[in-house]
Amino acid sequence: MVAKRSIDDLALFGGAPLFQTVRPVGQIYMPARDTFDTWFDAIIERRYYTNHGPLVSRLDRAIAERLDVKHAVSVTNGTVALMVALVALELSGDVIVPAFTFPATVQALHWAGLTPVFADVDSRTHMLTAESVAKVKTDRTSAVLGVHVWGRACAPAELEAYCRQNDLRLLYDACHAFGCSFDGKMIGNFGDAEVFSFHATKIVNAAEGGCITTNDDDLAARLITARNFHRSPKDQSVYVRLNGKMSEAQAAMALMALSQFEEFVDRNEAIYSTYERGLEGTSGIKAIRYDRRNRNNFQYAVFEIEPESSLSRDQILDVLRAENIYARRYFFPSVHRLSPYCDALDGEKRELPVTTSLCQTVLQLPLGAQINPEDAELIAALLDLILENGDEIKARAEATAGANSLRSGW
């Protein structure tokens with residue numbers, strides 16, 4: 001691999017790609033094969049595969065200890081975790097949620113028989129604020145579902161104060177934020193409950209998996225009941241339940257990942273910091289920075305393409321993908337633009353200007369197990385070249401016959 005020195009070297013214009021194999025977004029941190037075999041051989045020897053096995057119980061304790069929270073309830077994935085939490089909170093009516101989120105956040109509301117009401121987000125944090133929530137609250141509102149994006153906390157103090165004043169329940173989609181903190185308090189302790197994902201692309205990888213954390217004993221008992229379709233003497237009253245149990249195989253994967261968590265964070269931080277340094281001072285791009293006073297998992301390297309860039313975010317993506325750099329748009333399109341939600345919204349609620357803008361400008365760069373700091377240094381240098389020569393790249397792309405096949409409308 002050799003850094004691109006001029007736009008003549010770009011793969012878009014016939015040069016060799018910077019990388020021969022794809023550099024994707026996503027973690028995919030896997031255990032060593034001998035470690036994997038040891039854990040899975042033990043599962044087979046025990047002949048205990050599911051139904052609240054010893055590894056699931058061990059994982060619940062390990063998560064609760066790491067996050068300094070009273071209860072952690074593991075389930076089969078993050079979406080089911082949201083569904084279980086919503087049912088256990090015994091909500092009805094409307095729940096305020098950002099449109100700048102993954103569709104599963106909103107789909108879980110539908111599964112729980114609730115109506116999503118979309119709020120805009122803050123242009124600086126990309127998350128809900130008490131002010132944005134207040135703009136859409138009505139007499140039907142029963143709860144707020146905040147989302148901690150990019151591993152940063154979604155206004156815990158102000159949202160908790162607002163929800164207390166207005167007698168609303170508060171929970172968080174914390175799927176981006178495992179192992180992160182805010183003002184010295186671990187994420188997992190805010191609101192009535194918080195939900196995490198252990199999808200394969202997360203820093204804690206259970207292949208699939210998730211959990212719910214809470215400091216409320218009664219709520220924890222209802223969570224344990226709602227995740228389980230068969231009855232037990234400890235059942236609480238919940239109006240619906242499902243098969244949301246985590247398997248022993250998933251728990252084993254998560255426990256292996258937890259044992260290497262600090263190592264994974266250090267690797268992520270090294271890659272993120274390389275991007276941050278490499279793009280410092282580059283015109284047209286802005287890093288969404290981590291607050292180093294808090295604990296961070298550095299799972300996301302997120303940037304915004306600024307108005308002074310002569311290339312759009314999607315045009316930049318076209319250039320990068322030709323180089324086998326599979327950077328991503330994120331939360332595109334926003335959930336309020338997707339069916340069936342767009343069909344159910346009136347014109348007034350559809351106007352979410354910050355969300356609409358972010359969907360056109362946010363750029364996530366590759367990070368995780370398949371990337372190293374040397375890759376990040378090359379990618380940052382390439383981005384600098386692209387942004388410094390945007391006008392010429394755009395003119396040449398528009399003039400070539402190949403531009404007709406480009407997705408982004410050169």
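Biologist: What should I know about the model and the numbering?
Modeller: This is a predicted model, where local features need pLDDT of at least 70 and side-chain atom pairs count only at pLDDT 80 or more, while totals for chains, interfaces and linings use all residues. Residues are numbered from 1 along each chain as its sequence is written, and side-chain values use heavy atoms, with hydrogens and water left out.

Biologist: Back to α1. How far apart are its end C-alpha atoms?
Modeller: They are 20 Å apart. Helix α1 covers residues 33-46, which is 14 residues, and at 1.5 Å a residue it should span 20 Å, so the two values agree. The expected span is 1.5 Å times one less than the number of residues.

Biologist: What about N51, where is that?
Modeller: N51 sits in the loop between α1 and α2 (54-67). Its phi is positive, about 65 degrees, although N51 is not a glycine.

Biologist: And which loop holds D167?
Modeller: The loop between α6 (156-165) and β6. D167 also has a positive phi, near 55 degrees, and is a residue other than glycine.

Biologist: Is D167 buried or exposed?
Modeller: D167 is exposed, with a relative accessible area of 71%. N51 is partly exposed, at 36%. Buried means under 20% relative accessible area, exposed means over 50%, and partly exposed lies in between (1.4 Å probe, protein chains only).

Biologist: New topic. What is the strand order in the sheet of seven?
Modeller: The order is β2-β10-β9-β6-β5-β3-β4, in an open sheet with mixed pairing. Its edge strands are β2 (71-75) and β4 (115-119), and each pairs on one side only. Two strands pair if DSSP finds at least two bridges between them.

Biologist: How many bridges join β6 to β9?
Modeller: Three, and the two strands run parallel. Strand β6 is residues 169-173, and β9 is residues 193-197. The bridge partner of L171 in β9 is A193.

Biologist: Which strands does helix α3 touch?
Modeller: Helix α3 (residues 78-88) packs on this sheet and touches β2, β5 (141-147), β6, β9 and β10 (210-214). Contact means heavy atoms within 4.5 Å. The direction of α3 makes about 165 degrees with that of β9. Axes are lines fitted to C-alpha atoms, for helices over the stretch in contact, and angles run from 0 to 180 degrees between N-to-C directions.

Biologist: And the sheet of three, what order does it have?
Modeller: β11-β12-β14, an open sheet with antiparallel pairing. β11 (285-287) and β14 (362-365) stand at the edges with a single partner strand each, so one side of each has no neighbour in the sheet. Four bridges join β12 (residues 301-305) to β14. V302 stands opposite Q364 in β14.

Biologist: Which residues does the cis peptide bond join?
Modeller: F332 and P333, with omega about -10 degrees. P333 is in the loop between β13 (325-326) and α11 (341-344).

Biologist: Last one. How many helices and strands are there?
Modeller: The chain has 15 helices and 14 strands. Buried residues make up 56% of its 410 residues.
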